[in-house]
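This briefing covers a two-chain model, taken topic by topic. The sequence and structure come first.

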Amino acid sequence: MNEIAIVGYGNTKFSREEIPVESLLLNATKSLFDQNPNLNQKDIDAVLVSTNDNTKYLSAILSELAGIQPKTSHTVESLCNSGTNSVVSAYSYIASGLADVALVVGAERRNSPGQILEWDNSRGEFKHPIFWGTIFTKAHKRKFGTTEEDLATVSAKNHKYAHDNPNAYSNKIYSVEELMNSKILTDDLKVSDCSRPCSGASAVLLVSEKVVKKYSDNPVWIKGIGQKTLSASFTKNQDFSSMSSTREAAKIAFDMSNFDPNDVDVAEIHDAFTVCELMAIEDLGLVSKGDGAKFVKTLYETGDRKINPRGGLIGSGHPLGATGIAQIIETTQQLQGIAGKRQIENAKVGLVHNMSAAATSSTVLLLKS
Amino acid sequence: MSVFELELKKGKFVISECLTCKDVVWPPSEYCSICFEKVNWRKSDRIGKILEYSKKGDMFFCLAEFEKKIRIIGTLQVYSNQPEIGKKIKLDTCEVHGGNYNFTMTLV
């Protein structure tokens, strides 16, 4: 099959500013073009926009603003994992031969309508994500003895790592003790356990093997893709202390790539809430079930950036449509060896985990330098 | 508006059931998600059990299961006994308010 590589990227800073979505999309695209002098607008066969914004026809709008007349252009919406879904779509266009060069740009405004899934009435009046975050947290505490200190350690680690990410929403470093004293939202969730919605955009350029040399001598290859959607309703999760869709998506991605969890040098994990990082690294097979907290504590104490080197969603911010793409950019930079202060030594294989609506669906990507 | 929502507005908790598959269809829908036959509507058992719970301020909320299939999140009224996983609850009230479904439960 046609091999597909990531050869370019662009980011905006993630912030609490109110910025029009068109402007966010264009700024990330400009950043990508600025960093890729060999790229010409005429080269681009497909433009995909990842967002939950209600604005219509954004891929055509972005194409016009950026001077691109692609064969294919459309928007991809899938709540929080819109970003990786759009990259999987771009991958498919290239793998099928319909495109050789695809631009994928994700953007979200701070007040995104994608933060709450109105359709899911089984949540009653408890539709805000903090309630599914609370139920996951309570279930994980009950089953594995996870403590408030364990959760605060995830947050402290990710804020600390975000300090070295120039595009991160947060640039503050907190101690575990400070975070344990942050504002209480529910009996099981504090403000410091939550990722924050923000404005931001990220862009990546995917190309076929046939044209890769024109754009990069250091491409990163997409070797594994796994996706699973189990439901839309949060309450359909069978076990609230684990993410079944993540487990199934990971198996598909590892099978496709012929890698196994021991091969992974760096992982971008969808830490919508602190407990999600623990659950995900367990369900991805990076650690045994119930060992997530112990593993993260060691990472934090030793400064090991294997998990969420850019600061995760908690440290970097969570502009829904951009998140999965920002995760891919970080992993690409790690595998290219150009992540600066965040660099993990000799990283060869990277994993991206992006999920939606309380893990009712998940995407797992495996990338290789 | 669905039958489910029309009845919920009257305070009644009805569920969709496929008579062919002999299974509850949840979330409520016009058709069975297995065989696509039209569903039958009937009253649900209002006694269920707690799958998980927590508290926001002074208010308990819980994820409860009815008829081994229907799962909803609602407010849990707690008077003397404390909630526990697996404990029986009763669905006291259900209504539609501002587009949201509101469920209130009490420990049995």
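Chain B contains 1 helix and 8 strands, where helices (H or I, at least four residues) and strands (E, at least two) are DSSP runs numbered from the N terminus. The model is predicted: local features need pLDDT of at least 70, side-chain atom pairs count only at pLDDT 80 or more, and totals for chains, interfaces and linings use all residues. Residues are numbered from 1 along each chain as its sequence is written, and chains are lettered from A and ligands numbered from 1 in the order in which they are written.

**Chain B**
- The order of elements along the sequence is α-β-β-β-β-β-β-β-β.
- The C-alpha trace of chain B spans about 45 × 30 × 20 Å along its principal axes.
- Of the 108 residues in chain B, 34% are buried (20 or more other C-beta atoms within 10 Å of the residue's own, with C-beta atoms placed from the backbone).

**Helices α1 and α2 of chain A**
- Helix α1(A) (residues 21-35) packs on helix α2(A) (residues 58-65) at an angle of about 55°, with the axes 10 Å apart; axes are lines fitted to C-alpha atoms over the stretch in contact, and angles run from 0 to 180 degrees between N-to-C directions.
- α1(A) and α2(A) are therefore oblique to each other, a class left after roughly parallel (under 35 degrees), roughly antiparallel (over 145) and roughly perpendicular (65 to 115).
- V21(A), E22(A), L25(A), L26(A) and T29(A) of α1(A) meet L58(A), I61(A), L62(A) and L65(A) of α2(A), a contact being C-beta atoms, placed from the backbone, within 7 Å.
- These residues divide into 7 nonpolar, 1 polar and 1 charged (nonpolar: Ala, Val, Leu, Ile, Met, Phe, Trp, Tyr, Cys and Pro; charged: Asp, Glu, Lys and Arg; polar: the others, Gly among them).

**Contact between the chains**
- Chain A contributes 18 residues and chain B 15 residues.
- Helix α4(A) (residues 129-144) supplies the largest share of the chain A side, 5 residues.
- The chain A side has 5 nonpolar, 7 polar and 6 charged residues.

**Helix α9 of chain A**
- In helix α9(A) (residues 274-283), 10 of 10 residues are buried.
- The elements covering α9(A) include α4, α5 (148-162), α8 (244-257) and β10 (349-356) of chain A.

Conventions
A residue is buried if 20 or more other C-beta atoms lie within 10 Å of its own, exposed if 12 or fewer, and partly exposed in between; C-beta atoms are placed from the backbone. Two residues are in contact if their C-beta atoms, placed from the backbone, lie within 7 Å.
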